[in-house]
Amino acid sequence: MKKAITNMTLAALSLSLLLCGCSTESTRNPTQTSGTSIPAVSSTPPATSSQNGGGTPVDSLPGSRGTLLALEENDALSISRLKKESEAASGEKGIWTVLVYMCATDLESDQGSATDDLNEMIDATRDCANLRFVVEADGTDEWFNDLCKPKTKQRFVVKGGEIEEVYSGKSTNMGLSSTLSDFLKWSLEKYSSEFMVLDLWNHGGGSITGVCFDENNDFDSLSLKEIDTAIASVFGNMTGRFELIGCDACLMATAEMANMLTPYAKYMLASQNLESGNGWDYTSFAKALKGGASNGGDLGKYICDGYYEACVYTDEEYDATLSVIDLSKTDEFLTAFNSFSKKVYEYAYNNSVTDIIKAGKSSLNFGGNNKTEGYTNMIDAGDFLTLAGASVSEANDEVSAALKALDNCIVYSKNGIDTANASGLCIYYPLSVQGSNELDILKDICISPYYLSLVDLCAYGSSNNGSVDGYEYDSWTGDDTGFWSNGSISGSGYGYWESAEDGINFDAGNSALTYEVTPHLDSEGSYTFKLTDDCLYDLDTVHCNIMMSYWEEGSPEMMLDLGTDDFVDLDWDTGVCKDNFDGSWFTLPDGQPLCVYLVETNYDEDDYYNIYTAPIYLNEEYTNLKIKQSYKDSGMTTEILGAWDGISENGSAARELYQLKAGDIIEPYYDAYDAVTYEYVDYYYGDKYIYDGNSEIGMGFLPDGDYYYSFEIYDYYGNGLYTDFVLFGIEGDELYYYYGDE
């Protein structure tokens, strides 16, 4: 049961049941399709390398992989890839065949997104004779149309404005490599053409958790290694490569993904950030062919433009990303990136791992990456190259070469104003990791032996407050580690993550920060502290945490968490910090305070803003409000961007940022803690507020009552230093602390 807050300064609030999950619904542009719906047709029985990059061409590789990486004696990167000595069209000349691996999952069962896209495919082929879609649809327990059946594997051919079911059978787990391989083999036998495209349709979670999370099979997903194995198994049956392989999913424009796809395709299309709930506009395929697109790069440009236009229509363009990658340029980038990683690794080991940890944590990142919404650990490759390179002067040439090679990979991209500096590709970096499972995955997909070593070293340094004493230098690059010698790294016991019994705990309370003056209330009534000079370089953030005093009859006093913000006055040169809180907080129009957590700050003078996440119940289902507070010459504005479920326990990112509609019901959510022991007690919710369509959020003075203030002080190693709470009161428009120095 959820508990309602009663007999308190907020209001008398009502009791309701706890419902998990999130209700999401996308708003589609009515001009994108003609409104054609999928017809209900009866089932029919099932029908019984030229040069590509700079790698070494091979006929076969161990471990069913398309790529093997190794270090040469001079520590340069050696790349071996499956390649065809010559290429020819696989089938009908001039025909584009788009294979859509549609793991419909909750995107369909919640809001009908797969049905919408099938209708777009019908519309796209209506007057485009050289385009067809071959779709495998499964992975959901409910459909929004009469043709598709729940928990059933079906295959459709869409052409000439019609959709035909050509196979129906028992549902299979779409998170298995064998399921994808079976679909590819079947499709290539029956529907090969001159231009082949593969589209992996579903949720994405980045390089570690992959794509296509099957709702009917505990949200099992296709890892990058599984995708590699599936395509490698049919590559021998192809006379050429795919023209383009893309992911209509979140967070899959990664260097690890590009490396894995390079043997099999000419171009890759994916998003660095979350995708809009609408996903790609499939009518863009027809627009591209009518516009003269002659290769996968041209096609990708049209899809990028169509996607961005749809984001503009739904007001979701501010953080949009979609990029087209020329996979023939991948090897040049990998080679340069490995050389960069070697120089940075040597610097981190011999000089300062903290410099590189700072670069990783300061890089543009995607997919939440905070305690409230979860972590994907995906950062922008270009930003990391720039920030890490700034600390390593001896790597200037390597940084320049890697940045140039990265830029050469990007054929085209569309970014929003908040992602304008995104480079087009992400890489994995451990912003926060508990347990060693991520390295077990990373070691099979990492793009560089030296980058794997660097990541491992940064994780080791983070767990030891910047010290690398005791770390074995050649853990992942020594002669006996066998980097990818058999499709994965051999050599048991190497590397910090693999040998750490309990994994990495980045918040163990062993902060690198120390006080010169401990937190106290001074004679002026300010809560203040001073850090020692020698630890200021390790200081990452100082935020305040506000709690509200609350009693239930017969129970001890509790504190309701109102979240965190930057109401602090910090002198970064001296380490002196004072509270800067005036009693105002984020409130709904009915006066209820929200619990909000500051998760992102952009200090650009031309676009200074904070991003917050606020846990709520929306229409009786738990989710998070995304709130943006902008500071400009005209003043401060605070508005709701939408609602986002965050990163699930299985690692999938919610694809859509739900746009609130008039009539939606918002109930604030609060965690409760014992006021004496600070132990977690329960969770509570507030009154129902009916959203009226106005996205502005107020900064109102908190209601009369007692509150608690503390500092949350984080070092760059992820360790939190929490001060004691001080009690203050609010009465009218005045804030006063109860205790202070005499």
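This is a predicted model: local features need pLDDT of at least 70, side-chain atom pairs count only at pLDDT 80 or more; totals for chains, interfaces and linings use all residues.
Local features were taken only at pLDDT of at least 70 and side-chain atom pairs at pLDDT 80 or more, whereas totals for chains, interfaces and linings use all residues. Residues are numbered from 1 along each chain as its sequence is written, and side-chain values rest on heavy atoms, with hydrogens and water left out.

Nonpolar cores were defined as sets of buried Ala, Val, Leu, Ile, Met, Phe, Trp, Tyr and Cys residues joined through side-chain atoms within 4.5 Å. Residues were classed as buried under 20% relative accessible area, exposed over 50% and partly exposed in between (1.4 Å probe, protein chains only). The largest nonpolar core comprises 99 residues, and L200, F242, M257, F333, I356 and F384 have the most contacts inside it. Helix 8 (residues 330-350) makes the greatest contribution to this core, with nine residues; helices (H or I, at least four residues) and strands (E, at least two) are DSSP runs numbered from the N terminus. A second, separate core holds 56 residues, among them L513, W585, Y612 and L660. Apart from neighbours within four places in sequence, the contacts of L200 (heavy atoms within 4.5 Å) include Y101, L180, V211, I227 and M257.

No disulfides were counted under the criterion of a pair of cysteine sulfur atoms within 2.5 Å. C446 is buried, at 0% relative accessible area, and C535 is buried at 2%.

Rings of Phe, Tyr and Trp (its six-membered ring) were paired if their centres lie within 6.5 Å; planes under 30 degrees apart count as stacked, over 60 as edge-to-face and the rest as tilted. The count comes to 44 aromatic pairs. F581 and W585 form an edge-to-face pair, with ring centres 6.1 Å apart and planes at 80 degrees. F581 is buried at 8% relative accessibility, and W585 is buried at 0%. The pair of Y678 and F725 is also edge-to-face, at 5.2 Å centre to centre and 75 degrees between the planes. Y678 lies in the loop between strand 31 (665-674) and strand 32 (680-685), and F725 in the loop between strand 36 (720-722) and strand 37 (726-731), so this pair ties together parts 47 residues apart in sequence. Y678 is partly exposed, at 35%, whereas F725 is buried, at 17%.

Charges over rings were assigned where NZ of Lys or CZ of Arg is within 6 Å of the ring centre and within 35 degrees of the ring normal. R155 lies over the face of Y167, 5.1 Å from the ring centre. The charged end of K414 is placed over the ring of Y308, at 4.8 Å from its centre.
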